[in-house]
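Q: Please take a close look at one residue and its surroundings, and then at the ring interactions of the model.

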Amino acid sequence: MIEIKQVRKSYGSLEVLKGIDLTIDKGEVVAMIGPSGSGKSTLLQCINGLETISSGEIIVDGISVFDKATNLNHLRRKLGIVFQSYNAFPHMTVRRNVTLALTKVLGVSRDQANAIAETQLQRVGLLAKADVYPTALSGGQQQRLGIARALAMGPSYMLFDEVTSALDPELVAEVLATLRQLSAEGMTMILVTHEMQFAREVADRVVFFHEGVIAESGPPQQIFGNPKSERLRAFVSRAG
């Protein structure tokens, strides 16, 4: 379980998160939607400890992310995160991109790391590309490589920050298919997304952010079919 309690985050005088309360249960898929700048991506990075918070608390499986006693590097093994930029190492093969952290961070043997890499590359449909370099991959394939690399660490939770926004439309579908597969396997996921149809189909719960607060939250059929607030109605209408 991930518990977010009255989380606030400011950059100087600009308050980006204004008291966020949110709980994500094991096995749940939560889609965070809303206009750009409403705080969604910032919250995602706070959950992983990549951004600090100004006040409040974030608890992952009973561990407070920002407690001074918390080993953040150890905790991050539970929290795979994938961004819209691919961040693959261009001088390493697809396989080595996946095995690097396993061998360097977790101390896994090369043989075991290769076995894990092959399992995860198979999972995202990239095993046939294991020994090519990232520059030989399409954008969608590079994004799936990023997902495989995160999955190889054995996370309990996957965080996705607009992973399709940098892709051409024809490549979006293959990445969304991978996310659908993870959802079907029971992976707990938090997705910041502008793909409304995907959120409607896959999410257990949709959370609408507006100006640093959660303006509305509920099952997809409520959020998209019967929004309560004028702000959400306007956003859904514009987003299609």
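A: Surroundings of Lys9

Apart from neighbours within four places in sequence, Lys9 is in contact with Leu14, Glu15, Val16, Leu17, Thr42, Glu51, Thr52, Ile53 and Ser54, where contact means heavy atoms within 4.5 Å. The model is predicted, so local features need pLDDT of at least 70 and side-chain atom pairs count only at pLDDT 80 or more, whereas totals for chains, interfaces and linings use all residues. Residues are numbered from 1 along each chain as its sequence is written, and side-chain values use heavy atoms, with hydrogens and water left out.

Lys9 belongs to strand E1 (residues 2–11); strands (E, at least two residues) and helices (H or I, at least four) are DSSP runs numbered from the N terminus. Because its relative accessibility is 6%, Lys9 counts as buried, a term for values under 20% relative accessible area (1.4 Å probe, protein chains only).

Two of the listed residues also meet the Lys9 side chain through polar atoms. The side chain of Glu51 makes a polar contact with that of Lys9 at 3.5 Å; such a contact is a pair of N or O atoms within 3.5 Å, one able to donate a hydrogen and the other to accept it, and residues adjacent in sequence count only if both atoms are side-chain atoms. A polar atom of the Lys9 side chain also lies 3.1 Å from the backbone oxygen of Thr52.

Lys9 additionally lies over the face of Tyr11, 4.7 Å from the ring centre; the criterion is NZ of Lys or CZ of Arg within 6 Å of the ring centre and within 35 degrees of the ring normal. Elsewhere, the charged end of Lys26 sits over the ring of Tyr157, at 5.1 Å from its centre.

Note on methods: Buried < 20%, exposed > 50% of the residue type's maximum accessible area, 1.4 Å probe, protein only.
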